[in-house]
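Please keep the sequence and the structure at hand while reading.

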Amino acid sequence: MRWGGNALPPQPRIKSGVAEKDPAPHGGGGDRAAAVTALDAASASASRRAPSTAQRAASFRVPAGILGGLALLTAALFAASLAIGPVALTHIAPDVARTILVELRLPRACLALLIGAGLGASGAAVQGLTRNPLASPDVTGVSAGAALGAVLAAYYLPGSSTVATAAGALGGAALALALLLALAGRGASAATLVLAGAGVSALLGALTSLALSLAPSPYALYDALTWLFGSLADRSLVHLAVAAPLIIVGTALLCSRPAALDALALGEDVAATLGHRPRAAPTRVLIGSTLAVGGGVAVAGAIGFVGLIVPHLVRPLTGHLPGRAVLPSALAGAALVLAADLLTRAAPPGPELKLGVLTTLVGAPFLVALVLRGRADAPR
Amino acid sequence: MLHVDGLARPPALAALGFTLAPGTLAALAGPNGAGKSTLLRGLAGLGAGPGTVTLGGRRPTPDRFAYLPPSREAPFAIASRDVVAMGLSRPDAHAVARALARVDAADLAGRPLTRLSTGERARVLLARALVGAPPLLLLDEPTANLDPAHALLVARLLREEAARGAIVLFASHDLALARAHADEALVLSNGALVAHGAAREVLGGAVLARVFGVVLGPDGFREALSA
């Protein structure tokens, strides 16, 4: 290793002879103060570089090629999701084909796109917020809360099952967020959030198990269980109308102000001194992921591992900056869920291969591979 | 001028005040738990507590000071040059390269933070604080984890920063380095400012014996006999 110290010029002492010979403690007199005011003013004007800290975001741009490539991939999978199905649309009456396309395939494809985007963005943002690359949206307890709410709603709420389940899931997600904030307190550190999230997640998970074991009827239990596995089969435009606004608003919140999450990688103190309000990022990420994940779980059940894996695939493409990875993770999450949903439909006829089961089947080995590779690559 | 008046962060730090002139390189010394990090955080506007801090008559805004925390943790594999760029308000590849070269980390520009040794990471994180050339630098142990040659390099860097007119306040346990390079020294003990003056005087025998309980002998520091 080279050491450049010798190349440095001799120490210039250009302190206008003020503090140099008079490093007296505690305000060495008014003349000295007057003499240095000029220096102060000069350094202040020279430093007028950042009229607003929001401009710091400009330092980091995701390469357009990566965003474009991911968008193209997502669009292609979306088109495939519309085109592929048990019935070939070209061989049937046009009005029937139109009905199948608009009322069956379009909601399914749109939901896969939105839910994947919400999970990918939530995963990337939660990992950035908690500064933990192995965190997933589940660590906040939002998924567990949504699942509990949906199961209870399926049992007890009368009326249209779609709206009731969705409302229950959202109520559960909101409950989880409220519990998390109550436990961790406002302005909590990342470590506190993770700990509180683990507690909320475990509590709500246990309550879900309790609710399942107290199912009013075997049919209710079956319905609740299959719903929990996560699926996009037979979703309608009503499901889409329920979930879309929540996921879109949540994902937009998560994708805003990426520079704040980037700065958090250097610690909460550094982020604050770089001008990012300390409480803004946690609030934004928690509310955004509650909306995006809660909206998804509300209509499609739990789809595991997407939020954990996608940021890991994306971060190497975006220089490992956690904030910069959020938007591409939304696109990659959309592509992944679209692809996984296509796979479940490609499976042989018979009992449905659940989307949530498939993503977890693929995701778990991936996680193990990740941990093993991380161990091999450990710095020391 | 940096004016500090009545700054307190209970229970670690009692109310204290001092003034530093532009172009001053000041060392902050004191035993473990004396309140050095708490003071630096307080000057950076972190932590709740009373007191006023003004820089050139105004509250220091994020673009007018840089704070280097004592932690060298790095959870994500961000490249060194991207870490340093976070200290700038707009992209400037030349400034980033220059800052990395100044801390002898030019060859680490493309290396992820997670693949650096603690000392290398410390220098890259220091470059992040220096790159924007702010008028106030608050550095918590910038020479910790560094080998003697790099500690000397950093001491000279801080001298250069002071020479361009910046106020540099750095915490350090390397009393010999602080005494040799700093203009002024502030000594904290049990959350109180017990000495502030010329580094050569303040970091001399009497204060060392009183605050740290050590004296400087021919073979380095040794414990002072209790009075």
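## Confidence and overall make-up

Over residues 1–59 of chain A, pLDDT stays under 50, and for this stretch the model has 90 contacts beyond four places in sequence. The model is a predicted one, and where pLDDT is low, the predicted coordinates should not be read in detail. Chain A averages a pLDDT of 81, with 81% of the residues scoring at least 70. Among the elements of chain A, the lowest mean pLDDT, 41, belongs to helix 1 (residues 30–46) of chain A, while the highest, 95, belongs to helix 8 (residues 237–255) of chain A.

Chain A contains 14 helices and zero strands. Of its 380 residues, 46% count as buried. Among the contacts in chain A with a separation of 6 or more, 79% join residues 24 or more positions apart.

## Helix geometry

| Helix | Residues in helix | Expected span | C-alpha end to end |
|---|---|---|---|
| Helix 7 (residues 218–229) of chain A | twelve residues | 16 Å | 17 Å |

Helix 7 of chain A is followed by A:Gly230, which has a positive phi, near 90°.

## Helix packing in chain A

How do helix 3 and helix 8 of chain A pack? Helix 3 (residues 94–130) of chain A and helix 8 of chain A pack at an angle of about 25°, and their axes are 9 Å apart. Angles under 35 degrees count as roughly parallel, and the two helices are therefore roughly parallel to each other. Their crossing is left-handed. The residues that meet include A:Cys110, A:Leu114, A:Gly118 and A:Ala121 in helix 3 of chain A, and A:Leu240, A:Ala244, A:Ile247 and A:Gly250 in helix 8 of chain A.

Helix 12 (residues 306–314) of chain A and helix 13 of chain A have axes that come within 9 Å and cross at roughly 120°. These two helices are therefore oblique to each other, and helix 12 of chain A passes helix 13 of chain A in a right-handed crossing. The contact is made by A:Val306, A:Val310, A:Pro311, A:Leu313 and A:Val314 of helix 12 of chain A, together with A:Pro328, A:Ser329, A:Ala332, A:Gly333, A:Leu336 and A:Val337 of helix 13 of chain A.

Helix 13 of chain A is mostly covered, with 15 of its 21 residues buried. One residue found in this helix is A:Ala335, which is buried, with 26 other C-beta atoms within 10 Å. Which residues does A:Ala335 contact, leaving aside its neighbours within four places in sequence? They are A:Leu70, A:Leu73, A:Thr74, A:Leu77 and A:Gly116. A:Leu77 and A:Ala335 are 258 residues apart in sequence, yet their C-alpha atoms are 6.5 Å apart in space.

## Backbone exceptions

Most residues other than glycine have a negative phi, and most peptide bonds are trans. Against that background, A:Arg131 has a positive phi of about 50° although it is not a glycine. A:Arg131 is found in the loop between helix 3 and helix 4 (142–156) of chain A and is buried, with 22 other C-beta atoms within 10 Å. A:Arg257 is likewise not a glycine, and has a positive phi of about 50°. A:Arg257 lies in the loop between helix 8 and helix 9 (258–264) of chain A, and with 20 C-beta neighbours inside 10 Å it counts as buried.

In chain B, the peptide bond from B:Pro10 to B:Pro11 is cis, with omega near 5°. B:Pro11 is found in the loop between strand 1 (2–9) and strand 2 (13–20) of chain B.

## A covered helix in chain B

Helix 4 of chain B is mostly covered, since eleven of its 13 residues are buried. The buried residues of this helix include B:Glu120, B:Arg121, B:Arg123 and B:Arg128, along with B:Val124, B:Leu125 and B:Leu126. What covers the buried residues of helix 4 of chain B includes strand 5 (65–68), helix 2 (80–85), helix 3 (93–102), strand 6 (136–140) and helix 5 (148–163) of chain B.

Key:
Residues are numbered from 1 along each chain as its sequence is written. Chains are lettered from A and ligands numbered from 1 in the order in which they are written. This is a predicted model: local features need pLDDT of at least 70, side-chain atom pairs count only at pLDDT 80 or more; totals for chains, interfaces and linings use all residues. A residue is buried if 20 or more other C-beta atoms lie within 10 Å of its own, exposed if 12 or fewer, and partly exposed in between; C-beta atoms are placed from the backbone. Helices (H or I, at least four residues) and strands (E, at least two) are DSSP runs, numbered from the N terminus. Two residues are in contact if their C-beta atoms, placed from the backbone, lie within 7 Å. pLDDT is the predictor's confidence in each residue, from 0 to 100. The expected span of a helix is 1.5 Å times one less than its number of residues. Axes are lines fitted to C-alpha atoms, for helices over the stretch in contact, and angles run from 0 to 180 degrees between N-to-C directions. Angles under 35 degrees count as roughly parallel, over 145 as roughly antiparallel, 65 to 115 as roughly perpendicular and the rest as oblique. A crossing is left-handed if the near helix is turned anticlockwise from the far one by less than a right angle, and right-handed if clockwise.
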